[in-house]
Amino acid sequence: MIRIKKSKVKKLPKIKQNITHEFTVEKGTYNITVGLYKDETPGEISVTTKSVDLTIAKSINFFCNVISLALQNGTSIKTCIKKLYIELLGKDERLPITQSITNYILEWLGQKFLNEEELKEIGIQAPATST
């Protein structure tokens, strides 16, 4: 008989701190919201938009739900980004190598929650620091 180990779901507090970021990829404008645990690590990701068709919006929602479920079941944000990140060509002054909405989300999460060494390991450019 095969036994499957049940993972322990880490629930977010009912009242939680969020970070929201607006971005544009191609002709679509999006808002990414990250719900944080009390230790300020990400626990859920959502993206909203009104400027793309419903199929794309639902696909992005699905992608964010996968990341959220992984985070709540003990997967680190680093592992989520490392496993899902695909480098593509693109443009944005803060994230110059992305055109993919999903990659933008992963790159932004990486720049927000990972250190420079972790970003380099994954292949994401560290954010420019102002002097």
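What follows goes from the overall layout to the sheet, then to the helices.

Student: Before we start, what kind of model is this?
Tutor: This is a predicted model: local features need pLDDT of at least 70, side-chain atom pairs count only at pLDDT 80 or more, and totals for chains, interfaces and linings use all residues. Residues are numbered from 1 along each chain as its sequence is written, and side-chain values use heavy atoms, with hydrogens and water left out.

Student: How many helices and strands does the chain have?
Tutor: The chain has 4 helices and 3 strands. Both are DSSP runs numbered from the N terminus: helices are H or I with at least four residues, strands are E with at least two. Along the sequence the pattern reads β-β-β-α-α-α-α.

Student: What share of the residues is buried?
Tutor: Buried residues are 34% of the 131 in the chain. Buried means under 20% relative accessible area, exposed over 50%, and partly exposed in between, with a 1.4 Å probe and protein chains only.

Student: And contacts between residues at least 24 apart, what is their share?
Tutor: Take contacts between residues at least 6 apart in sequence: 44% of them join residues at least 24 apart. Contact means heavy atoms within 4.5 Å.

Student: On to the sheet. What is the strand order?
Tutor: S1-S2-S3, in an open sheet with antiparallel pairing. Two strands pair if DSSP finds at least two bridges between them.

Student: Which strands stand at the edges?
Tutor: S1 (18–25) and S3 (42–49). Each has a single partner strand, so one side of each lacks a neighbour in the sheet. On average, neighbouring strands are turned by 20° against each other, direction ignored.

Student: How many bridges join S1 to S2?
Tutor: 8 bridges, antiparallel. Thr20 stands opposite Thr33 in S2. The hairpin of S1 and S2 has 2 residues between the strands, and Glu26 takes a positive phi near 55° there.

Student: How many join S2 to S3?
Tutor: 7 bridges join S2 (residues 28–36) to S3, again antiparallel. Asn31 stands opposite Thr48 in S3, and Leu36 stands opposite Pro42 in S3. This hairpin has 5 residues between the strands, with Glu40 at a positive phi near 70°.

Student: Is His21 buried or exposed?
Tutor: His21 counts as buried, at 14% relative accessibility. It sits in strand S1.

Student: What does its side chain pair with?
Tutor: The side chain of His21 makes a polar contact of 2.8 Å with that of Tyr104. A polar contact is a pair of N or O atoms within 3.5 Å; within protein, one must be able to donate a hydrogen and the other to accept it, and residues adjacent in sequence count only if both atoms are side-chain atoms.

Student: What about Asn18, what does it touch?
Tutor: Asn18, also in S1, touches Thr33, Val34, Gly35 and Leu36, not counting residues up to four places away in sequence. Asn18 and Leu36 are 18 residues apart in sequence but 5.8 Å apart in space, C-alpha to C-alpha. Asn18 is partly exposed, with a relative accessible area of 42%.

Student: Now the helices. Which strands does H3 lie across?
Tutor: H3 lies across S1, S2 and S3, at about 140° to S1. Axes are lines fitted to C-alpha atoms, for helices over the stretch in contact, and angles run from 0 to 180 degrees between N-to-C directions.

Student: At what angle do H1 and H3 pack?
Tutor: H1 (residues 54–72) packs with H3 at about 35°, the axes 10 Å apart. The contact is made by Ile56, Ile60, Phe63, Cys64 and Ile67 of H1 and by Ile101, Thr102, Ile105 and Leu106 of H3. By class that is 8 nonpolar, 1 polar and no charged residues. Ala, Val, Leu, Ile, Met, Phe, Trp, Tyr, Cys and Pro count as nonpolar, Asp, Glu, Lys and Arg as charged, and the others, Gly among them, as polar.

Student: And at what angle do H2 and H3 cross?
Tutor: H2 (residues 77–84) and H3 (residues 101–113) cross at roughly 150°, with axes that come within 10 Å. Ile77, Cys80, Ile81 and Leu84 of H2 meet Asn103, Leu106, Leu109, Gly110 and Phe113 of H3. That contact has 7 nonpolar, 2 polar and no charged residues.
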